[in-house]
Amino acid sequence: MSETIKKVVLAYSGGLDTSAIIPWLKETYPGCEVVAFCADVGQGDEELEGLEEKALASGATECHIVDLKEEFAADYIYPTLKTGAIYEGTYLLGTSMARPVIAKAHVEVARKVGADAVCHGCTGKGNDQIRFEGCFAALAPDLKVIAPWREWSMESREDLLAYLAERDIPCSASLTKIYSRDANAWHISTEGGELEETWNQPSEQAWVWTKSPEQAPNEAEYLTLAVKNGEVVGLNGDTLTPYQMVVKLNEIAAEHGVGRVDIVENRLVGMKSRGCYETPGGTVIIAALEAIRELVMDKRSREWLHTVGEQFAHLVYDGRWFTPLKDSLLGAADAYSADMNGEVVLKLYKGMVTAVQKRSPNSLYSEEFATFGADDVYDQKHAEGFIRLYTLSSRIKALKDQEK
């Protein structure tokens, strides 16, 4: 016999899985009231259209659509960018960064309606179940977590469609779905279909936002980005919020085929998965921030920030946002961000983004010191003593080896 659950808040997308979850919850937990929750993180108006009607038709008593776009960009994307986090050298963490802001809002809705449980539609194979439940553990350990894909007997899209048909619950999904996609303001991911065979080159169907580099304009486009305290705040003289910046740069960079990545990544659960990720605006922002770091950070500082970024990438990917470690790593990144100010001109052309001009009031680059011409500030004779001390341990070891 199932335990008593009076009210549960379901993370609802209107897709096949969550449409089936609503009646399943009501059957599995008799008398349970199901409240649908949807996070608007910039996935697009077409994804939200008719969502409340779908939820109510499936058996939900309420549907809460929460606008998280500005919060997502300002409080999750931009702080992550300060650390330089990139997962396994390629993935710009688009899906991963969205999970904590969604989970936080999920808990807030649960508290608002007096729920005693939360529910998600993540499969038992993926990372998202860990990300969501890690956040729930940190923010609401008292709430029961229900994960239908780990409990019910259904195993396929055919099973879910049959389940809904038996109950006369409308659903626009069909058996012809090729890909699994997830979109937000930062990126869109595509998995499944021909991508499940790593020897297959992605077809153009696997790409949604971006033009192919071959079809991109033959003329380069130049953008001027202003950076303040480690954040991109201006585009071609206009001041934009983080969300506005991401949206605008997505539009511009996608036209030039910028931001395509086809990778095989290590999931936290142990298996590898392949995905095509499109992050056009994010790729531009990262190039601008890196250009300023080149000017401002000394060798050891850049080395340390690289370590911070790698650690932060794993933290975000592994669903550990609401932890003391996150605060510690962000503190390190913030310490450097105060000097990350300047201006960068970026060239967009045929899938590439290149910083072609950069300047900062805090730049450590000095033409006076670095010149190949004559200078009055650097005595090259000083290098001899530096090299002798720098190589002293090697010299001592070599002398010891000669005595053997």
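Is Leu16 buried or exposed at 6% relative accessibility? Select Leu16, which lies in helix H1. At 6% relative accessibility, Leu16 counts as buried; buried means under 20% relative accessible area, exposed over 50%, and partly exposed in between, with a 1.4 Å probe and protein chains only. Helices (H or I, at least four residues) and strands (E, at least two) are DSSP runs, numbered from the N terminus.

This is a predicted model, in which local features need pLDDT of at least 70 and side-chain atom pairs count only at pLDDT 80 or more, while totals for chains, interfaces and linings use all residues. Residues are numbered from 1 along each chain as its sequence is written, and side-chain values use heavy atoms, with hydrogens and water left out.

**Stop 1: the annotated site**

Next, select the positions that UniProt, in an unreviewed entry, gives the feature "binding site": Ala11, Tyr12, Ser13, Gly14, Gly15, Leu16, Asp17, Thr18, Ser19, Ala39 and Gly121. UniProt positions are given in the numbering used here, feature names are shortened, and annotations may be inferred rather than shown by experiment.

Centre on Tyr12, in the loop between strand E1 (7–11) and helix H1 (16–28). Tyr12 has 3% relative accessibility and so counts as buried. Leaving out residues up to four places away in sequence, its contacts are Thr18, Ser19, Ile22, Ala36, Phe37, Cys38, Leu51, Lys54, Ala55 and Ser58. Contact means heavy atoms within 4.5 Å.

**Stop 2: cysteines**

Select the cysteines. The structure holds zero disulfides, a disulfide being a pair of cysteine sulfur atoms within 2.5 Å. Cys63 is in no disulfide, and the nearest cysteine sulfur, that of Cys38, is 6.7 Å away. Cys63 counts as buried at 14% relative accessibility, and Cys276 counts as buried at 0%.

**Stop 3: the four-stranded sheet**

Show the strands E6, E7, E12 and E11. They form an open sheet of four strands in the order E6-E7-E12-E11, with antiparallel pairing. Strand E6 (179–183) and strand E11 (260–266) stand at the edges with a single partner strand each, so one side of each is left without a neighbour in the sheet. On average, neighbouring strands of this sheet are turned by 25° against each other, direction ignored; the axes are lines fitted to C-alpha atoms, and angles run from 0 to 180 degrees between N-to-C directions.

Zoom in on E6 and strand E7 (residues 188–192), which pair in the antiparallel sense over five bridges. Two strands pair if DSSP finds at least two bridges between them. Asp182 has Ser189 in E7 as its bridge partner.

**Stop 4: two hairpins**

Move to strand E8 (residues 221–228) and strand E9 (residues 231–235), which run antiparallel and are joined by four bridges. Ala226 has Gly234 in E9 as its bridge partner. Their hairpin has two residues between the strands, and Asn229 takes a positive phi near 50°.

Then follow E9 to strand E10 (residues 238–239), its antiparallel partner over two bridges. Leu235 stands opposite Asp238 in E10. This hairpin also has two residues between its strands, and Asn236 in the turn has a positive phi of about 50°.

**Stop 5: the nonpolar cores**

Finish with Val284 and Ile285, which touch the most other members of the largest nonpolar core, a set of 81 residues. A nonpolar core is a set of buried Ala, Val, Leu, Ile, Met, Phe, Trp, Tyr and Cys residues joined through side-chain atoms within 4.5 Å. Not counting residues up to four places away in sequence, Val284 touches Leu223, Leu225, Leu249, Ala253, Val258, Leu346, Leu348 and Val353. A second, separate core of 31 residues includes Cys63, Trp149, Met154 and Leu160.
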